[in-house]
Amino acid sequence: GIKGAVTLPPLLLTVSSLRAMHLPALTMLTIQLPPTAPLEILAVSECRSLHSLHVSAGRLRVLNAAGCKQLIRLELHCKGLDTLVLQQCSNLAAPLAFTCPALRTELIVNGCTSLTADALSAMVNGAPRLRRLGADGCAAL
């Protein structure tokens, strides 16, 4: 299995969907792709030791990091992102960077018990066309 930190190379120039789910030893993941890379769907859900996620992918539309309970460092530079699922990322207090102006369909942060009101406000304000927000169980709000 995958252990520790992983930086995915830009060799993903032909991949449109990447699923790295249920990898208990994965601690860090960095994906930096050129704007023309076709990656549209990224699922890293249930990676229980993942504490740092940095994604820069201009065509990414869907990111699912649900159940990454140790996630504390989140940096997203995804101008095409439409759906973001961070459900049960209970240690995430605030993204370090959040550039996702196309976020429109949904932002799900249910169970993100450490997420601050200021952080959520900044995320929502950065997505003026957002249609659905799920924030049930966010105790810090």
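The legends below describe several views of one predicted protein model. Residues are numbered from 1 along each chain as its sequence is written. Because the model is predicted, local features need pLDDT of at least 70 and side-chain atom pairs count only at pLDDT 80 or more, while totals for chains, interfaces and linings use all residues, and side-chain values use heavy atoms, with hydrogens and water left out.

View 1. Helices (H or I, at least four residues) and strands (E, at least two) are DSSP runs, numbered from the N terminus. From that end, the elements run β-β-β-β-β-β-β-β-β-β-α-β. The radius of gyration, taken over C-alpha atoms, is 14 Å, close to the 14 Å that the globule rule (2.2 Å times the number of residues to the power 0.38) gives for 141 residues, so the chain is as compact as a globular protein of that length. Along the principal axes, the C-alpha atoms fill a box of roughly 40 × 30 × 20 Å. Of the 141 residues, 46% count as buried, where buried means under 20% relative accessible area, exposed over 50%, and partly exposed in between (1.4 Å probe, protein chains only).

**View 2. The largest nonpolar core has 42 residues.** A nonpolar core is a set of buried Ala, Val, Leu, Ile, Met, Phe, Trp, Tyr and Cys residues joined through side-chain atoms within 4.5 Å. Leu53, Leu76, Leu84 and Leu86 touch the most other members, and the elements that give two or more residues to this core are β3 (26-32), β5 (52-56), β7 (73-77) and α1 (117-125). Leaving aside neighbours within four places in sequence, Leu86 is in contact (heavy atoms within 4.5 Å) with Ala65, Ala66, Leu74, Leu92, Ile108, Val109, Cys112 and Met123. In soluble globular proteins, nonpolar side chains tend to be buried together.

**View 3. His54 lies in strand β5.** With a relative accessibility of 15%, His54 counts as buried. Not counting residues up to four places away in sequence, His54 touches Leu29, Thr30, Ile31, Gln32, Glu75 and His77.

**View 4. Helix α1 has a buried side and a face turned away from that side.** Ala119, Leu120 and Met123 are buried in α1. These residues lie on the same side of α1 because they cover an arc of only 95 degrees around the axis, the arc being that of the directions from the helix axis to the C-beta atoms. The buried residues of α1 pack against β8 (83-85), β9 (97-99), β10 (106-108) and β11 (133-134), whereas the face turned away from the buried side carries the exposed residues Asp118 and Asn125.

**View 5. Glu40 and Arg61 meet in a salt bridge through their side chains.** A salt bridge is a side-chain nitrogen of Lys or Arg within 4 Å of a carboxyl oxygen of Asp or Glu, and here the N to O distance is 3.3 Å. The pair links distant parts of the chain, with Glu40 in the loop between β3 and β4 (41-43) and Arg61 in the loop between β5 and β6 (62-64), 21 residues apart. Glu40, at 31% relative accessibility, is partly exposed, and Arg61 is also partly exposed, with a relative accessible area of 37%.

**View 6. Glu106 forms a salt bridge with Arg132.** The closest N and O atoms of this pair are 2.4 Å apart. Glu106 is in strand β10 and Arg132 in the loop between α1 and β11, so that the pair links distant parts of the chain, 26 residues apart.
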